[in-house]
Amino acid sequence: MTRGLTVMMLTWEFPPRIIGGISPHVYYLSKSLAKNGVNVYVVTCDFPGAPQHENVDGVEVFRIDSYKNPSPDFATWVYLMNVNMQKEAAALVNSLGGKVDVFHAHDWLAANAGIGLKHVFRKPLLATIHSTEIGRRNGIHFDYERMIHETEAWLTYEAWKVICCSNYMISHVQWAFGLPVDKVVMVPNGVNTEVYEKLEKNKLSQFRSKFALPEEKIVLFVGRLVYEKGAHILVNAISEVLEKVNAKFIIVGNGYMKEQLSSLVKNIGLAHKVLFTGFVDDETLKRLQKCADVSVVPSLFEPFGIVALEAMAAESPVVVSDAGGLSEIVEHDVTGVKVYVNNPDSLAWGITKVLLDEDYANRIKVNARKKVQEKYDWNKIAHQTKAIYETVLNEYSKSFWA
Amino acid sequence: MRVIIFSWEYPPRIVGQLANYVRELAVQLVKSNVETYVVTYHDFLTGQYDEPEGVKTCRVKNPVRTHIGVLTWVLTLNQEVERAAANIYYNTNKHVDLIDVHDWHFIPAAVTLKKALKIPFIYSVESLEEHRSHNANSPFNMAIKSIEWLGMYEAEKLIVKSEWMRDEVFRLYKVPLEKVKVISPKSANWMKNVLETYKMSQGD
């Protein structure tokens, strides 16, 4: 190929719009691909204050008007947003003289746009499945959920290849959508270790004092406060931990369970030991991760578990539930502690072990950081992703669409 | 001239008045030497391609079977309409002069095809959400209205069937009157006027 490969990413979130893990994923992936000579165009939803078009670290980012249409519910909003995303992306492809080689959609949230663009331009579509409805809801119970599930199935059907971030997700999507083995590819999620190195150590103790007393250990939870992330498991483990060690529990994130969780904490009389920060900015989050004496990821369903990797990169010892992608990231007693899923006693045991045994905590966090640098490096991940694009384009070149 | 008609109902699937009107339109277009394709929905004649009375008809079904309402149903069906239309485009050496889209359902597909493949479209208005659900302004109705608006904004021309509808389109969506053609299906000059409007709106 004389000109560099060109990919158009379709994603409903991209910084500064951050809702979940897709946003940082697409950001780092795009940036690393661009560094490796791939032309990357990102088409994403708008965000107050963010420009409609900008170049972010070599990545061309286009933000579309995503709240143009009134919508009765979230799923309908997604489909309507896709109408605008597809319209804008189509015009963009045209302005590039049609020179886009691959469309890459992230989750069902960009399914319609990705599928439509594939057919009108006759270019291959790749899909990364970050999570599934059947996993998030622990089954399909209502028509609303089934509709999303079938939209996910449709996206995987239309995709040339389906990328997942863990072996667990590979087998999960194969089961959920009946995909053939040769259609799914595993590329791990990555984490940027440098950002944690840049934090100034001397300023951290002052920062820490805003969140906890000097004699309190910090137990950190980072995640959306929704059922599958298991913050309620942590809340139920708090009193058991406090029996053995003095600690402050910091719960970062928002979600529909927030009210419920904070009233539960008040009712058991532990409001002074638990801090709900809500959503925090990136800088605060990184410092918190750096300060945490233990980072807890008690998910019931976890496709990958990026927060565990971030904690490992920040050299905060991790205690994770033995679920989904977390099981693959963490090696018990070597790079972290694994506890039983949906089990507050087991979680309390894990937290206490790390907080009371300093040598143990030091050992696992050093191992963890080494592991993260080896395996979850974005540059490496960009190489793997680029190789998938090339394989797909090679197959495509032999098809009647080429 | 090569035209693709989009309609969510077409015989044998008849929901309201639109199906038979679109069929008559397509048949007359064929008789006037227009190469006429119809892309429509059918749940079990899926993928069937036939040419009743010379009208090249393709039927698509919804890739997502479960829905919470007509709006989501329509929005996932549009990509299949795009696929069918794109297939026609690529199989005819990238030469489609015009798309004629009837009512709001397949407006998103028409807009994408315009932006992507530069195929202009006409929006033929049979009815409007304001009249179907009078005074209803829930997000559901507003979403449909926003799609109608998009169609009116992006279309080359609107074809309406009465002067009353022209005035309504102007009242509700502020469409410039010169963009709206009143063509009554009952008038003697119906086909002549349709063909003239098509010729005015087709791409280069």
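Modeller: Domain bounds here come from an automatic or database domain assignment. This is a predicted model, in which local features need pLDDT of at least 70 and side-chain atom pairs count only at pLDDT 80 or more, while totals for chains, interfaces and linings use all residues. Residues are numbered from 1 along each chain as its sequence is written, and chains are lettered from A and ligands numbered from 1 in the order in which they are written.

Biologist: What are the domains of chain A?

Modeller: The assignment gives domain 1 (6-190 + 377-396) and domain 2 (194-375) in chain A.

Biologist: How far apart are the C-alpha centres of domain 1 and domain 2 of chain A?

Modeller: Those two centres are 29 Å apart.

Biologist: And how many residues are in contact between them?

Modeller: In chain A, 15 residues of domain 1 contact 13 residues of domain 2; contact requires C-beta atoms, placed from the backbone, to lie within 7 Å.

Biologist: Which element gives the most on the domain 1 side?

Modeller: Helix 6 of chain A does, with three residues. Helices (H or I, at least four residues) and strands (E, at least two) are DSSP runs, numbered from the N terminus.

Biologist: Now to the other chain: how many residues of chain A are in contact with chain B?

Modeller: 30 residues of chain A contact 28 residues of chain B.

Biologist: Where does the largest share of the chain A side come from?

Modeller: Helix 2 of chain A supplies that share, 11 residues. The elements giving two or more residues to this side are helix 2 (74-95), helix 3 (111-121) and helix 5 (143-158) of chain A.

Conventions: Contact = placed C-beta atoms within 7 Å.
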